[in-house]
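Dear colleague,

I am passing on the structure below, together with notes on what turned up in it. Please read the notes with the coordinates open beside them.

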Amino acid sequence: MKIKRIITNIAAAEPHKADAFYRDILGLNLAMDHGWIRTYAGSTKMDVQVSVACEGGSDTPVPNLSIEVDDLGEVLRRVQAANIPLEYGPVSEPWGVRRFFVKDPFGTLINILEHE
């Protein structure tokens, strides 16, 4: 048996409000919209990972979602332009990533990172 896909589901009363963050900030494409559910996707094949943690590292809370990007500075610029407050960072961590935490429009804590 092979795992084909892992999908993160985020509860939201108004799924369309995800556009401002997942499409406009992160650049994901709206792949499916049934009104009650909206799915955003990238065009890159990715590795499947599930992490289980008691903290988020550096004494931070465990984020609900981690998103690795290739240009952390650009995502940070978009976050700041959208006046989304940073929950943590940006910081270079001792395990070789630069990252920051933000919350999406639904309060989901997101770790946005780039390997250094």
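Leaving aside residues up to four places away in sequence, isoleucine 112 touches Phe21, Leu26, Ile67, Val69, Leu72, Val75, Arg98, Arg99, Phe100 and Val102, where contact means heavy atoms within 4.5 Å. This is a predicted model, in which local features need pLDDT of at least 70 and side-chain atom pairs count only at pLDDT 80 or more, while totals for chains, interfaces and linings use all residues. Residues are numbered from 1 along each chain as its sequence is written, and side-chain values use heavy atoms, with hydrogens and water left out.

Helices (H or I, at least four residues) and strands (E, at least two) are DSSP runs, numbered from the N terminus.

Four strands form an open sheet of mixed pairing in the order 3-6-5-4, two strands being paired if DSSP finds at least two bridges between them. Strand 3 (65-68) and strand 4 (86-92) are the edge strands, each pairing on one side only. Strand 4 and strand 5 (residues 97-103) pair in the antiparallel sense over four bridges, and within this pairing valine 91 stands opposite arginine 99. Helix 2 (residues 72-81) packs on the sheet, where it touches strand 4, strand 5 and strand 6 (109-115).

Salt bridges (a side-chain nitrogen of Lys or Arg within 4 Å of a carboxyl oxygen of Asp or Glu) come to eight in total. A network of them links Asp19, Arg23, Asp24, Asp33 and Arg38. Aspartate 19 bridges to arginine 23, with the closest N and O atoms 3.1 Å apart, and also to arginine 38 at 2.8 Å, N to O. Because arginine 38 lies in strand 2 (residues 38-41) and aspartate 19 in helix 1, the latter pair ties together parts that are 19 residues apart in sequence. Both arginine 38 and aspartate 19 are buried, whereas arginine 23 is partly exposed, with a relative accessible area of 38% (buried means under 20% relative accessible area, exposed over 50%, partly exposed in between, with a 1.4 Å probe and protein chains only).

Conventions: Axes are lines fitted to C-alpha atoms, for helices over the stretch in contact, and angles run from 0 to 180 degrees between N-to-C directions.
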